Amino acid sequence: VVSPRVGQPFFAPDGKTMHLGRRYMERTEAGWSAIKSLGSPFEDIRIMRLKVSAKGTYVFDEVGSADGDSIIRYSRLVDGEREEPKPFGAEINTGTFNAHPFIAPDESYIIWDGRRDSGFGHSDIYISYRQPDGSWGDAINMGGKINTQAPELAASVTPDGKYLFFHRNVGVDGQSNQDMHWVDAQIIEDLRPE
């Protein structure tokens, strides 16, 4: 047990760092270091989930208000220096309750959940692909193999790239019964625009 509610654990692609929202632990010869802070400005952001690419780019959400005004941000590692967090554009931060991002290790796509008028119901899982010019493509709803009228959220791809795991709330009160589901990660390639 790391400690109560310090952030959703995520291992960096190299396996040497365990991210816990705005905190982290580093692998040592004896196990794991004490919990450390990412420092300013991350300490001032109420991060639920932070993922990191193989290039060191952080992608993370922020706890929003009950109105669903949460956004997803990124912070790149440039010449060994961490840049200030920036919000993604409208391709990703449209609709409400944008949360739980996952960035591919090679930064070729981002997956997250949110509510949009065009969705299947509550929150759906979306994907955006990196374009040849470095920008992000329009959000694509991951479709009926994943999304239903129930809330789907918190998608992640396994380190071997074979499976996409996500949560589906099948309870009646919004959070009472979250089940884990998985599909073949081939769906990521199947949805990729040509």
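A residue counts as buried when its relative accessible area is under 20%. The views below are taken from a predicted model.

**View 1. Serine 33 in the loop between strands S4 and S5.** Serine 33 lies in the loop that connects strand S4 (31-32) to strand S5 (36-37). Its relative accessibility is 13%, so serine 33 is classed as buried. Apart from neighbours within four places in sequence, serine 33 contacts Met25, Glu26 and Thr28.

**View 2. Strand S3 and its pairing with S2.** Strand S2 (residues 17-20) and strand S3 (residues 23-28) run antiparallel and are joined by four bridges. Methionine 18 has methionine 25 in S3 as its bridge partner. The hairpin of S2 and S3 has two residues between the strands, and glycine 21 there adopts a positive phi near 70 degrees.

View 3. S3 and S4 run antiparallel, joined by two bridges, and they form a hairpin with two residues between them. Arginine 27 is placed opposite tryptophan 32 in S4. S3 is also joined to S5 by two bridges, again in the antiparallel sense, with tyrosine 24 opposite lysine 36 in S5.

**View 4. The open sheet of strands S12 to S15.** Four strands, in the order S12-S13-S14-S15, make up an open sheet with antiparallel pairing. Strand S12 (96-103) and strand S15 (140-141) are at the edges; each has a single partner strand, so one side of each lacks a neighbour in the sheet. Strand S13 (residues 109-115) and strand S14 (residues 124-129) pair over six bridges. Tryptophan 112 faces tyrosine 126 in S14 across this pairing.

How values were computed: Residues are numbered from 1 along each chain as its sequence is written. This is a predicted model: local features need pLDDT of at least 70, side-chain atom pairs count only at pLDDT 80 or more; totals for chains, interfaces and linings use all residues. Side-chain values use heavy atoms; hydrogens and water are left out. Buried means under 20% relative accessible area, exposed over 50%, partly exposed in between (1.4 Å probe, protein chains only). Contact means heavy atoms within 4.5 Å. Two strands pair if DSSP finds at least two bridges between them.
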